Amino acid sequence: MKRSIIDLWVGIFVAIGLASVTFLALKVANLTPQGDNNSYTLIAEFDNIGGLKVKAPVKSSGVVVGRVSNIELDTQRYVARATLTLNDQFHFSRDTSAEILTAGLLGEQYVGLVQGGEEENLKPGDRVQLTSSALVLEQLIGKFMTSFAEGNNKAAAADAAAAETAP
Amino acid sequence: MMLDNLLAPLRHLGHSTINAIWKLGMMSRFLLAILAHSGQSLLRFQLTIREVYFAGVLSLIIIVVSGLFVGMVLGLQGYNTLSRFGSADALGALVALSLLRELGPVLAALLFASRSGSAMTAEIGLMKATEQLEAMSVMAVDPVARVVAPRFWAGVISMPILAALFNVMGIFGGYLVGVVMIGLDEGTFWSQMQNNVDLHFDVINGLIKSLFFGIAVTLIAVFEGFDATPTAAGVSSATTRTVVTSALVILALDFVLTAFMF
Amino acid sequence: MQNDSFIEFKRVSFGYGDRLILQDISLKIDRGQLVAIMGGSGSGKTTLLRLISGQIRAQEGQVLVDGRDVGRMNQRELYQHRRRMGMLFQFGALFTDLPVFDNVAFPIREHTSLSPQMVRDLVLMKLHAVGLRGTEALMPAELSGGMARRIALARAIALDPQIMLYDEPFTGLDPISLATIALLIKKLSDALGTSAVMVTHDVHKSLEIVDYVYFIAGGKIAAAGTPDEVRASDSPWVHQFIHGEADGPVHFAYPAQQSLAGSFGLEGA
């Protein structure tokens, strides 16, 4: 085997390798921000994070702007503290609100950021003030049931009152 | 006599344990020797390039074909299962994640061990059997530096490239089945993948895995070749040992690495 | 002459485990001399060569080459020692993945930084010396046994060694190839003035070309002398060896622990 042919093939081989990695990085992984210098973090505290997991996307108006990089329990106040790692090119005002949403009825949960109106932006490491917790299906159903039962009780009471006053 | 029969399995166990530990120690020493004698294979890079050709380039076809088929099977099976739960849209993510994290590095390494690892063992073993290694050493050329180290580095370089290619081909196979054959929406396929695959967490970790596999497989291959009994039977059993040991080490190492990474 | 010994064994013993292969060997090889070491198969002849090349180290005694103890050399010194040494292996040990040209060029490329043109000239010169110029592009698998041995010889002399070691250079060759190799060995020794040690059991051809012969049996030097002395020797052992008799001081049968009857379980029956 001629040396130049071997060189050529090895060159092609390495080029294939580089192309594969580039393909994986760009087309498959979409190069999301990771804790390096072109990203910053925000803190958001929730009473209940439901099924939110580390690495869940952070979206604003449906566009992925970062990822949840850490979730821990604040043992003093017993709230969940989520660390959001956001791409440096997206900045949010100080009255931005964060909520935990679900993609579809049974899909994965993500953090949605809604931009506020204030001039000043959140700085790296700041806490998002306005948060709303995840919708937990059981609680939702529970609430619905109690309100439904209460409604029934009220109706029954009204009926009873009406019956009393009627004669 | 009775006691002897009872103790035989224990003695056998002890013997194989001691052998395994001894081998592990020899292999570590061999790795150190390779690293210490790597200067030449890196300075005279032509030596290593030649071996990349034999270890890597010649493995291209088997990697491409296997990757494609594994991806296609993943696409079919994944679709069957996911569609039962009404989430066939997640097929792209399923295919990409299974390949990037596990199947790509592991299967590429298994193929590499049986295609290139066994060839390396046979080649070095045969060189030993025909006194070529000894001749080299008598010519004041260190066989570890001249024969073993270039092959080792070639394996370490080739493995991640092959694994990355395997991943790409697998994803392409999944795409063929999911989008072209079954008719899922192309945009959903890719966007589901992109939303769920992370460059560092999935892609890079998978490649790091394959780098470890490359080191392990190539080390086993060159060690078995160098350590082979210099006869026809010795070389053939060394070749078998390379494939078997590599497979076991790849799977065990995969478990350990997965536990650390994910 | 006594003072000019180039290779000298001083009471050397060597063994694997407790199986002694060489016991208390002392011998001298002068500068420019071609010496044959003869003995039956498994008598430790090849071990002797490996002691000179430093592939193994003597457990007792010294192996001196040019006044330096090979057994005490570190890796670097050993490699320096080997650069002045050429060795012809029993079956040539050519690199099967390289063509003839690269095989012969191998030691030159590894140890010198000559220009490709110089390397080419040197290789062609060496190939010419063994009469095989024109085979540069062939692969070792395409060579006959005799040709392979000559190419291996060309490779061994590529760097003009001061010491040549021949390990069974005549084994498995047809009479013509054998004569050619013998002639080449003689010619090279005379022309280059190398000290050469040849391990062989081909008695007649070797006695024609060597200056001195050592016979080894049972790990010891059984006899020594110039070819003429050896031919005239009245030692029964040397006589048996030279004339190739099946039984004599060296017995036909391996000294088994049990008698044949014992092996078959018939003893005492």
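Predicted model: local features only at pLDDT ≥ 70, side-chain atom pairs only at ≥ 80, totals over all residues.
Local features need pLDDT of at least 70, side-chain atom pairs count only at pLDDT 80 or more, and totals for chains, interfaces and linings use all residues. Residues are numbered from 1 along each chain as its sequence is written, chains are lettered from A and ligands numbered from 1 in the order in which they are written, and side-chain values use heavy atoms, with hydrogens and water left out.

**View 1. Residues 6-26 of chain A, a span listed by UniProt.** An unreviewed UniProt entry gives this span as "transmembrane region". UniProt positions follow the numbering used here, feature names are shortened, and annotations may be inferred rather than shown by experiment. In the model, the span is 100% helix and 0% strand. Its end C-alpha atoms lie 30 Å apart. Helices (H or I, at least four residues) and strands (E, at least two) are DSSP runs, numbered from the N terminus. Chain A has domain 1 (1-31), domain 2 (39-135) and domain 3 (137-167). Such bounds come from an automatic or database domain assignment. The C-alpha centres of domains 1 and 2 of chain A are 39 Å apart.

**View 2. Helix α4 of chain B, residues 60-84.** Buried residues of α4(B) include Gly67(B), Gly71(B), Gly75(B) and Gly78(B). Buried means under 20% relative accessible area, exposed over 50%, partly exposed in between (1.4 Å probe, protein chains only). An α-helix has 3.6 residues a turn, so residues three or four places apart point the same way. The buried residues of α4(B) pack against α1 (3-28) of chain A, and against α5 (91-129) and α7 (143-182) of chain B. Just after α4(B), Gly86(B) has a positive phi of about 65°.

**View 3. Where chain B meets chain A.** The contact takes 30 residues from chain B and 27 residues from chain A. Contact means heavy atoms within 4.5 Å. Of the two pairs of chains that touch, A and B have the most contacts. They bury about 2600 Å² between them, 74% of it on carbon and sulfur atoms. Buried area is the accessible area (1.4 Å probe) that two parts lose on being put together, summed over both. There are zero salt bridges between chain B and chain A. A salt bridge is a side-chain nitrogen of Lys or Arg within 4 Å of a carboxyl oxygen of Asp or Glu.

**View 4. Where chain C meets chain B.** Here 21 residues of chain C touch 19 residues of chain B. The buried area is about 1700 Å², with 54% from carbon and sulfur atoms. In chain C, Tyr79(C), Phe89(C) and Glu110(C) lose the most area to chain B, together 29% of what that side buries. Four salt bridges link chains C and B. Glu110(C) forms one with Arg44(B), with the closest N and O atoms 3.2 Å apart. No contact joins chain C to chain A, and their closest C-alpha atoms lie 10 Å apart.

**View 5. Thr194(C), in a loop of chain C.** This loop runs between α6 (175-192) and β8 (195-200). Is Thr194(C) buried or exposed? Thr194(C) counts as buried because its relative accessibility is 2%. Leu34(C) is 160 residues away along the chain, yet the two C-alpha atoms are separated by 8.1 Å.
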